[in-house]
Amino acid sequence: MADKIIPIGPYHPLQEEPEFFRLHVDGEKVVDIDIEIGYNHRAIEKISESKSYDQVTFLVERICGICSTSHPFAYTNAIDDLLGIEVPERALYIRTIIGELERIHSHLLWLGLAGHFLGYNTVWMWAWRYREPVLDIFERISGNRNHYAMFKPGGARRDLDEADFPWIKKTLKSLIPKFDMFKGAVIDDPVIRARTEGVGVLTKQDVYDYACVGPTARASGFVMDVRKDDPYAAYDKVEWKVITQQGGDVFAKAVVRILELYESVNIILQCLDKIPKGPIDINIKDMPAGEGIGRHEAPRGEVFHYIMSDGGNSPARHKVRAPSFVNIASNKKAVIGETISDATIILAAVDPCYCCTERMAVVDHKTGKKVFDGQDLVRLSQEKTEKLRRKYNR
Amino acid sequence: MEEVSSIMKDLFSFLIFPGFIFTAAIGLVASWIDRKVTARVQWRVGPPWYQPLADLVKLSIKEITIPKNASKAVFLSAPLFGLSAAVLAATFIWQANIQAGSSGFTGDTVVVLYLLTLPAIALMLGSSASGNPLASLGVSREIKLMLAYELPFIISITVPIIKSSGLLRVTDLIAFQAMNGVFVSNVSGILAIIVAIFCMQAKLGLVPFDMAEAETEIMGGIYIEYSGILLAVLKLTKTIMMVALPVFLTSIFWGGFSAWKYVILLVVIILMRNTNPRVRIDQAIRFFWYRMTSLAIIAVLLAMLGF
């Protein structure tokens with residue numbers, strides 16, 4: 001009886017990307033869950049080794065369509081770390097502004113999707129409507145609505161026009177009443193609270209065990225934010241606070257994201273006031289051998305990039321770790337014991353982004369068996385690291 | 001000769017006016033209003049007026065896929081069974097409104113109540129005959145939901161019967177209200193119609209009570225294996241129920257059908273479905289058994305005391 005399986009994926013109206021959750025159910029109750037990702041492996045890290053450092057910025061921008069700035073942000077941080085250079089201050093402010101604008105539109109996108117998953121399509125449409133002004137700001141700044149191409153190793157690719165600042169400020173301030181409305185709609189709505197409170201609870205210990213990051217961790221009372229813990233760009237030059245909640249349930253995650261919208265607006269407004277004049281780019285001439293790491297607090301949590309250079313034109317090794325990789329695994333803890341109705345919103349509550357997280361799996365198409373399992377992949381990865389270490393004498 | 005003409009007359013009223021064609025036409029307009037208002041509430045443009053009809057036509061020329069494991073006879077006949085029950089209920093309700101005082105038979109309120117539950121039962125039968133695990137999950141939710149809402153619905157319907165000291169014909173209830181004032185002008189009537197409106201939302205399977213369908217959870221649940229003209233028939237049944245149920249409520253609580261009363265009930269349905277998320281099935285059962293049933297019982301007690 002307990003082995004009835006309800007599949008969510010690989011194609012399912014719940015989420016727009018290929019993912020597969022096998023829910024083992026007993027009636028409505030989920031007794032076990034298998035998580036399978038890796039339907040759309042794109043070999044970004046390998047492609048990166050054949051591109052020039054400048055081109056990789058555009059490549060990593062395409063890892064994810066929603067947090068399209070997070071990966072270039074972490075990547076340029078890694079390059080700056082590798083070079084040990086001081087990026088011009090104006091460029092740091094530009095990076096911060098773009099990073100926070102992205103957080104606003106990403107959180108609004110999640111809020112809309114969460115509404116849709118709960119069957120509340122009005123919230124979906126309204127959240128996405130108020131995401132539009134943010135995209136308009138991006139369009140004014142960079143000419144693009146989703147892939148902004150504003151980042152460059154050693155600086156920013158485009159400058160901000162001072163003449164746009166009043167309009168940007170006005171647009172952002174006009175969003176505040178809309179955020180108030182969403183805050184009211186989520187926190188005061190008894191039906192939403194009934195559906196999300198106490199659902200999919202991750203305790204502080206669970207967050208620790210699964211190494212969750214971002215809003216998923218902050219909703220369980222973890223004070224953790226790369227922007228505060230290891231300040232980069234202009235985050236230590238402006239006043240803002242890390243939002244945390246204690247509940248650990250879907251409701252707490254929603255509240256964290258909504259309150260972060262206010263902080264992001266706050267950060268951008270301060271940056272627009274404080275942004276100094278000056279150059280936006282130091283033209284990097286050549287890359288020395290070495291290695292660097294870069295981190296960025298993406299809307300979904302910490303993005304980590306590692307770059308190893310052999311002094312050539314392309315990275316010798318480029319490693320990306322996206323936040324969803326750790327957050328998705330925590331579903332194993334959060335979903336078991338809940339009902340199927342709740343499982344869908346819990347799966348969505350970590351704001352999963354599968355395209356960032358795809359790992360390779362080799363499957364024999366005749367038997368359907370995996371040729372490599374997780375252990376094999378870890379072993380292969382270690383062998384590769386050893387090979388690189390010998391090659392570059394580290 | 002007279003018998004033949006009376007049968008023809010009954011067939012006419014069942015198939016054309018005020019039965020199938022007439023109700024379906026009103027239902028399609030109502031479902032267009034629903035979609036248009038929903039779209040406007042959600043900052044969208046919304047479909048043109050003929051869209052619900054276009055959907056039905058499109059669906060009916062599509063191929064029907066019958067699952068391999070399905071029990072064919074039940075799977076194929078259930079939608080038609082549900083449609084005819086809904087049309088019959090609509091015909092009874094309309095006739096009671098049109099030929100006031102002279103249509104129907106004693107106890108037709110009970111028959112209408114029975115007919116109004118049949119579309120849901122037919123859907124459950126057909127869907128569970130499909131052999132799909134998601135469909136069976138949808139069916140189990142629909143059964144639970146039905147057990148939840150039928151109790152308060154029937155209790156609330158007894159309020160007008162008590163108030164009119166035992167009239168069981170819909171048309172008599174309308175005539176009684178014409179003489180003595182509508183039931184919703186009393187406390188008991190207001191409580192009863194509130195309960196009945198919530199039950200109507202659940203009977204129509206609309207948000208917040210669409211968990212049997214739940215697209216983002218179980219991909220359409222009870223509808224998952226239906227395609228082509230069978231799906232069109234199921235949609236049409238739902239459309240006809242969207243006319244039959246509000247008109248039934250106006251008839252027994254609110255002194256008979258009129259366009260504005262129908263529109264008000266329709267607006268209530270649309271607003272409720274656009275300002276709520278879907279609830280879980282256990283929450284729905286708790287809502288109907290504890291809150292709605294107690295409210296309905298209070299309404300009955302008040303009606304017995306004469307309020």
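**Exercise 1. Describe the turn between E7(A) and E8(A).**

Solution. E7(A) and E8(A) form a hairpin, with 4 residues between them. In the turn, Gly311(A) has a positive phi of about 85°. This is a predicted model. Now take the pairing: E7(A) and strand E8 (residues 315–321) of chain A run antiparallel over 6 bridges.

**Exercise 2. Trace the bridge partners of His305(A) on either strand.**

Solution. Start with E6(A), residues 289–298, which pairs with E7(A) in the antiparallel sense over 10 bridges. A hairpin through 2 residues joins these strands. Gly294(A) has His305(A) as its bridge partner in E7(A). Then turn to E8(A): there, the partner of His305(A) is Val320(A).

**Exercise 3. Decide why E7(A) counts as largely enclosed.**

Solution. A residue is buried if 20 or more other C-beta atoms lie within 10 Å of its own.

**Exercise 4. Check the length of helix H4 of chain A, then its burial.**

Solution. H4(A) covers residues 89–117, which is 29 residues. Next, burial: 27 of the 29 residues are buried, so H4(A) is largely enclosed by the rest of the structure. After the helix comes Gly119(A), with a positive phi near 80°.

**Exercise 5. State the domains of chain A and the separation of their centres.**

Solution. The domain assignment gives domain 1 as 44–357 and domain 2 as 362–394. Taken over C-alpha atoms, their centres are 30 Å apart.

Note on methods: Residues are numbered from 1 along each chain as its sequence is written. Chains are lettered from A and ligands numbered from 1 in the order in which they are written. This is a predicted model: local features need pLDDT of at least 70, side-chain atom pairs count only at pLDDT 80 or more; totals for chains, interfaces and linings use all residues. A residue is buried if 20 or more other C-beta atoms lie within 10 Å of its own, exposed if 12 or fewer, and partly exposed in between; C-beta atoms are placed from the backbone. Two strands pair if DSSP finds at least two bridges between them. Domain bounds come from an automatic or database domain assignment. The expected span of a helix is 1.5 Å times one less than its number of residues.
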